[in-house]
Amino acid sequence: MSEFIKKRIRELVDLINYHDYKYYVEDNPEISDYEYDMLYRELVELEKQYPEYIFPDSPTQRVGGKVKEGFKEVVHRVPLLSLSNVFSEGELYDFDRRLRELLGTDDFNYVVEYKIDGLSVALEYENGLFVRGATRGDGNVGEDVTENLKTIRSIPLKLKDDINIVVRGEVFMPKDEFIKLNQEREENEEPLFANPRNAAAGSLRQLDPRITAQRKLDIFVFNVQWCEKELKTHDEALRYLKYLGFKVSPDYVVCSNIKEAYEAIKKVEEKRGLLPFEIDGAVVKLNQLALRDVAGSTAKSPRWAVAYKFPPEKKETKLIDIEVN
Ligand SMILES: NC(=O)c1cnc(OC2CCCC2)nc1N
């Protein structure tokens, strides 16, 4: 009997994780909320009766962590570099010229992607299971926020392949969530968050994971920090991350040269106001990974990528209700 129960629990874990992926990563649910709740309730019941069969990647373990006294430090296996900034077309062309001189070739291309205005985290997986997550910190040492990251439903607890990998992503709070959260805080006479980035940082660095779980954070994963698989380009790495089950921004563009990259950046800036999350620019990255090693990095920033920063978004003026007597 117990083998049958264990099998049913494993089946429910895989099924619910699959439907979480469809809902939170692909934004394309296959079942109704009611059907989902029935599966989840069955799993909770069975795990209550057979706690010895609780799997580490069970969705019930997403909000489990007890309240912490503080955060443990994590030394990043691969430093989390920060991007140097450019603010004009001219500065972008300077970056491209310097890179071509440094590499001694024009035989490369770029990837242009959103610069999500959130906070960078590193996620570690062993044999395909999420084992640890940390904030960027100073790039070398961050804070262990594993329990809080587990509450983010678009972070897979188990990957498609049972591999060891460390990835990097940006945790963010969607604009709508930010507005709702500040409205709640205003009603409770609590201090407001200045912007979605601060709200995401404050929510992720909560000592109580149950509070993080209420904040509906999300993530885009955009970099393989370390993995055993040989990858040749950033474009390939992004496709591999998506295959594994991560939420990868769909709107990145492979550009043949810096002129095309600049055109892609302008298109990103045009649609900035329509995006459901805040961006503060676009990131231009050398696509060929072997050439990134040739270009190298300074102590802080890669020589093979830049952030093209946009001016701060005009805040829509807070409409003041005018009493009409
Ligand atoms: N906020 C972002 O969206 C973002 C941040 N960082 C990077 O690249 C890292 C990895 C290599 C150098 C910096 N890419 C991004 N899209």
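Predicted model: local features only at pLDDT ≥ 70, side-chain atom pairs only at ≥ 80, totals over all residues.
Which backbone oxygen lies 2.6 Å from a polar atom of the side chain of Ser203? That of Ala199.

You will find Ser203 in helix α6, which covers residues 196-204. Is Ser203 buried or exposed? Ser203 is buried, because its relative accessibility is 0%, and the cut-off for buried is under 20%. Leaving aside residues up to four places away in sequence, Ser203 touches Met173, Thr212, Arg215 and Leu217.

Next, the ligand. There are 14 residues around the ligand. The ones that come nearest are Glu113, Tyr114, Ile116, Glu170 and Lys285. Three of these have contacts I want to show you. Take Ile116: a polar backbone atom of this residue is 2.8 Å from an oxygen atom of the ligand. Then Lys285: a polar side-chain atom lies 3.0 Å from a nitrogen atom of the ligand. Then Glu170: an N or O atom in the side chain is 3.4 Å from a nitrogen atom of the ligand.

Now the inside. How many cavities of 30 Å³ or more does a search of the whole structure find? One. The largest cavity holds about 80 Å³ of space. Its lining is made up of Val74, Val75, His76, Arg77, Val78, Ala122, Glu124, Arg132, Gly133, Ala134 and Val166. Strands β1 (73-75), β4 and β5 (129-135) each give two or more residues to that lining. The largest share comes from β5, with three residues. By class, the lining of the largest cavity has six nonpolar, two polar and three charged residues.

One of those lining residues is Glu124. Glu124 sits in strand β4, residues 119-126. Why does Glu124 count as buried? Its relative accessible area is 19%, and buried means under 20%. Glu124 touches Val74, Leu129, Phe130, Val131, Arg132, Ile165 and Val166, again not counting residues up to four places away in sequence. Among those partners, Val74, Arg132 and Val166 also line the largest cavity.

Glu230 is exposed, because its relative accessibility is 59% and the cut-off for exposed is over 50%. Compare Glu230 with Glu30: they are 200 residues apart in sequence, and 34 Å apart in space, C-alpha to C-alpha.

Now two backbone angles. Most residues other than glycine have a negative phi. Asp27 has a positive phi, near 50°, and is not a glycine. Where is Asp27? In the loop between α1 and α2 (33-49). Asp27 counts as exposed, because its relative accessibility is 66%. The other case is Lys216, with a positive phi of about 45°, also not a glycine. Lys216 belongs to the loop between α7 and β8.

Last stop, Pro311. Pro311 is in the segment after β11 (305-309). Pro311 and Gly281 are 30 residues apart in sequence, but 8.3 Å apart in space, C-alpha to C-alpha. Which residues does Pro311 touch, not counting those up to four places away in sequence? Glu269 and Arg272.

Find the ligand, with Ile116, Glu170 and Lys285 among the nearest residues. And find Glu124, in the lining of the largest cavity. Thank you.

Note on methods
Residues numbered from 1 in each chain as written. Heavy atoms only, no water. Helix = DSSP H or I, 4+ residues; strand = E, 2+ residues; numbered from the N terminus. Buried < 20%, exposed > 50% of the residue type's maximum accessible area, 1.4 Å probe, protein only. Contact = heavy atoms within 4.5 Å. 1 Å grid on protein atoms, 1.4 Å probe; cavity = no way out; pocket = protein on both sides within 12 Å on 5 of 7 lines; lining within 4 Å. Points joined across faces, edges and corners; volume = space filled by probe spheres on them. Nonpolar A, V, L, I, M, F, W, Y, C, P; charged D, E, K, R; others polar. Near = heavy atom within 4 Å. Polar contact = N/O pair within 3.5 Å; in protein donor to acceptor, adjacent residues only side chain to side chain.
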